[in-house]
Amino acid sequence: MEGPQELSSDTIFDRFRDYVQENWVAGLEVHEPQASYIPTSKLRDYWTHVRVSEVVHVTECQVPIKDIREQYLQAFSIMVWISKTRRPYIRYLHSFNRYERGDSSLPFHERPRFLPSSNDADEFWAAFQQHQWAFCPVALGPRRLHDRKLHEKQILPLQIVKKLGHVKDGKPAKVELAKLQSPTELILSNQAQDQVVLKSYPPNADRIFRNEFKAFTTFENAKPCENILKYLGSFHTATGDGTTYTIILEYADKGTLLDIYRRNQPPVKFEEIQIFWSAILKMVKALMAVQYTLQGKVAEKCIHQDLKPSNIFAFSDDEETSEDFKATFKIGDFGESSVMRTVPYDQTSSVQDNKSSRIYCPPELHWNDEVDFPVGPLVDVWSLGCVIVETALWVTFGERERLAFQQRRREENGRVSPIQRGLGRGDCFHNGKERLKTVTDVYDLILRDGRRSDGLTPDIVRLVLDFVLVEADGSPSQQLESRSGILSIDEETYMGGSRYQKVEPSRSSRPQIDPRSHAHSDPSQWSTGRVGTAESSRSKATITQARKQEDKTYAPEPPRPDFPLVTIAEVNERRTRQKEKDDRPFLPGESRAMGYLKNRDHVFLIDNSKSMQQHRKAVIETFTNLAYILEKADEDGLDVLCTSDWGKQEHGRRAKNLAAFVDNNFHKGGDSCPMENSLLALTTNIIQDLPSKGAKRNRTRMSLFGKKSKGRPTSIYILTNGVWNSSPAARDGVYGADRPLRQLIRELQDRNLHKSQVSIQFIRFGNDATGIRRLTSLDDDLGKEFQDFDIVDHKDSTGGVWPMLVGSLDEGVDLEKNTSEDRNT
């Protein structure tokens with residue numbers, strides 16, 4: 001073996017540099033997509049006692065080898081990396097050791113004062129500062145990274161895998177999936193596969209970051225709960241525009257509860273239903289953990305204020321199964337939460353309302369857009385009750401019935417409380433005063449048409465209706481008594497014992513449960529027989545009706561379509577037969593569609609480029625008949641413009657006159673379609689007309705689109721084949737059409753407007769593969785990026801008219817696939 005005295009310093013230094021070059025790892029600079037670093041574990045592997053002694057020998061270093069390996073490994077490595085021929089910088093390690101500035105002090109954000117004023121000190125510091133970042137990646141792990149300030153050059157041991165979306169409520173934040181690039185002390189689930197989520201807030205969203213950071217800090221100080229999303233660290237860094245904030249969270253490999261709904265694979269067997277409900281009811285346990293973080297005689301209470309399916313995250317269980325009913329659910333997204341100090345188990349304390357969730361908020365917050373209400377933990381209890389009822393319908397009938405339930409709520413609110421739509425609460429679970437009848441009817445629907453072997457789901461719904469989705473009027477103590485019963489029942493007590501065993505098809509064998517009779521009872525006393533007095537808590541008429549059904553063999557009827565099929569050809573035939581405008585009867589499904597279309601402005605954008613000329617007849621026929629229907633919806637008249645001259649629009653009340661405008665201008669299109677510019681001009685005008693945040697609509701001012709009231713909701717219909725440009729360079733992507741749509745969506749969010757304020761409906765002509773891909777991408781990708789703010793839809797012109805008109809306004813119609821046999825829903 002060669003002794004260290006036989007090696008020159010240059011040879012030793014070059015050997016180390018070669019090793020580093022071979023072991024670079026791609027990381028993430030705080031403000032750059034990629035940067036390289038050397039993991040500390042690799043430095044430990046390289047710097048054996050022998051190799052450190054070689055450097056110590058040739059440089060006459062005066063720091064013990066053991067101390068170098070244990071306290072100064074990174075600093076030592078940087079000095080070796082930057083050393084030059086006949087100028088080894090290892091001698092500066094003596095100053096580090098003298099002033100006890102080990103690796104825990106790195107990286108230095110400014111020149112340390114302990115550096116001597118030698119001739120090459122400035123040169124040493126310049127080189128050390130430049131290269132230190134690659135040798136000092138940010139350490140991830142418990143107690144390592146908590147609201148820490150990072151330099152913009154610091155490198156995280158992560159690599160971005162993909163974007164996951166944006167935070168809503170007008171405060172956009174990057175949400176990205178990242179993969180750990182080197183070993184850390186982070187404790188992740190088996191299914192995370194060394195992946196974490198980075199949630200980054202811009203400077204103008206510091207309030208939301210602080211809310212979420214404070215909530216997670218509170219949970220860190222409390223007893224761990226497996227059903228709260230795991231916080232892995234946070235940091236902030238200064239930029240030219242201000243300070244950006246980032247939270248590191250565990251990755252939910254199954255997405256959210258809303259994603260599970262949409263995948264539409266509910267449990268089928270009773271054993272599967274039990275497993276699924278066991279996981280869902282753990283949300284009660286999680287809610288208790290959120291609201292009661294005890295610390296002796298004092299508690300910190302967190303009010304979530306935005307509990308909904310998209311904020312309940314789903315994780316695969318340890319069995320690594322793809323089945324959605326086997327999942328662990330966790331509450332997350334605490335950006336709208338509030339934390340307060342109070343006495344333990346006090347439900348009467350309150351905080352300021354952050355005005356977040358509209359659909360899942362309780363009746364007492366009906367007017368919270370105009371009045372500042374104090375809110376307490378019972379707000380979250382109502383929201384969780386809504387989620388459970390919605391989940392019960394999905395478990396029993398699937399996603400289509402859940403969406404139909406959403407539509408029934410809109411319709412009932414439209415009848416009994418029209419103001420709900422104006423407040424952006426058209427599909428909430430109450431009418432501003434009390435629970436909707438549609439919500440109450442869920443129990444009878446499941447009892448009548450649900451699986452005969454599932455006795456669990458209807459009892460859970462009954463529990464929620466009796467103790468959770470109830471009005472909370474009166475004093476705080478009365479509110480507590482009326483709605484807090486569910487907090488006494490978690491998954492273990494409600495699902496415990498042998499209470500629910502597999503039952504045969506006869507529903508009469510299902511145990512009848514009164515949750516009030518055993519909320520605090522011993523699970524061992526439960527059996528498969530009758531428990532409590534549930535029968536007395538239900539109406540006799542309901543029980544009698546259910547028993548009459550027990551002896552019948554039946555299965556749930558398939559959900560009826562929201563709209564009947566009406567084609568352009570059928571509308572055209574009706575239109576050509578009509579003699580007088582006022583003589584036109586309603587088309588099948590039109591009365592329901594008008595609930596979406598009335599009191600809105602309607603604007604058509606016609607793609608009249610060269611590639612669309614072959615569809616001229618179909619375009620004019622489709623436009624004429626859609627405008628014919630919309631004559632009844634918008635008495636102010638419609639607007640139409642062509643992509644060949646997007647600055648010129650025609651306004652009119654008669655479909656015939658507007659169709660003549662399209663016909664006269666259709667041949668004027670060029671070789672390519674300026675879709676991005678056309679959409680930009682259109683959306684810019686719409687943005688100018690939007691109500692400002694918190695302002696009431698001004699019905700006296702005039703819109704840029706004809707003689708229309710400023711601030712009215714607007715529907716945009718774009719008739720196109722999606723080709724737009726025939727050059728090979730433009731065959732991929734969406735050719736810039738997404739940019740003005742993203743700008744519009746963010747503007748709607750910034751002004752805290754409901755997503756129905758503007759809807760974008762692409763109506764496709766022809767079957768060009770590129771066109772289909774582009775329009776599908778605009779529909780699906782923007783919907784994923786702006787979850788809960790999907791305003792873009794794409795439908796085939798050969799399908800039904802109702803999907804073309806309401807597809808971007810109704811989630812159920814939006815989710816339908818485009819086929820030539822499209823049946824509207």
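D793 sits in strand β22, where strands are DSSP runs of E with at least two residues and helices are runs of H or I with at least four, numbered from the N terminus. D793 counts as buried because its relative accessibility is 0%; buried means under 20% relative accessible area, exposed means over 50%, and partly exposed lies in between (1.4 Å probe, protein chains only). Keep in mind that this is a predicted model, where local features need pLDDT of at least 70 and side-chain atom pairs count only at pLDDT 80 or more, while totals for chains, interfaces and linings use all residues. Residues are numbered from 1 along each chain as its sequence is written, and side-chain values use heavy atoms, with hydrogens and water left out.

**Around D793 and D781**

- The side chains of D793 and K795 are joined by a polar contact of 3.0 Å. That term covers a pair of N or O atoms within 3.5 Å; within protein, one must be able to donate a hydrogen and the other to accept it, and residues adjacent in sequence count only if both atoms are side-chain atoms.
- D781 belongs to helix α26 (residues 769-785), and with 40% relative accessibility D781 counts as partly exposed.
- The side chain of D781 has its own polar contact, at 2.8 Å, with the side chain of S777.
- From D781 to V792 you count 11 residues in sequence, and their C-alpha atoms lie 9.7 Å apart in space.

**The six-stranded sheet**

- Six strands make up an open sheet with mixed pairing, and their order is β19-β18-β17-β20-β21-β22. Two strands pair if DSSP finds at least two bridges between them.
- At the edges are β19 (649-652) and β22 (792-796), each of which pairs on one side only.
- On average, neighbouring strands of this sheet are turned by 20° against each other, direction ignored.
- Helix α25 (residues 738-750) packs on the sheet and touches β21 (758-764) and β22, with its direction at about 155° to that of β21. Contact here means heavy atoms within 4.5 Å; axes are lines fitted to C-alpha atoms, for helices over the stretch in contact, and angles run from 0 to 180 degrees between N-to-C directions.

- Six of the six residues of β17 are buried, so β17 is largely enclosed by the rest of the structure.
- D601, V603 and L605 point one way from β17, H602, F604 and I606 point the other way, and all are buried.
- β17 (residues 601-606) pairs with β20 (residues 714-720) in the parallel sense, over six bridges. Across that pairing, H602 stands opposite S715 and F604 stands opposite Y717.
- With β18, β17 also pairs in the parallel sense, this time over four bridges, and L605 stands opposite L641.
- To get from β17 to β18, the chain passes through helix α22 (residues 616-630), and this β-α-β crossover is right-handed. In other words, with the strands pointing away from the viewer, the path from the first strand over the helix to the second runs clockwise.

- β18 and β19 run antiparallel and are joined by four bridges; they form a hairpin with six residues between them.
- Q649 in β19 is the bridge partner of L641.

**Two helices elsewhere**

- Helix α8 (residues 206-220) has 15 residues and spans 21 Å from first C-alpha to last, close to the 21 Å expected at 1.5 Å a residue. The expected span is 1.5 Å times one less than the number of residues.
- Buried residues of α8 include I208, F209, F213, F216 and F219.
- Helix α12 (residues 399-416) has 18 residues and reaches 26 Å, close to the 26 Å expected.
- Among the buried residues of α12 are E399, R402, L403, F405 and R409.
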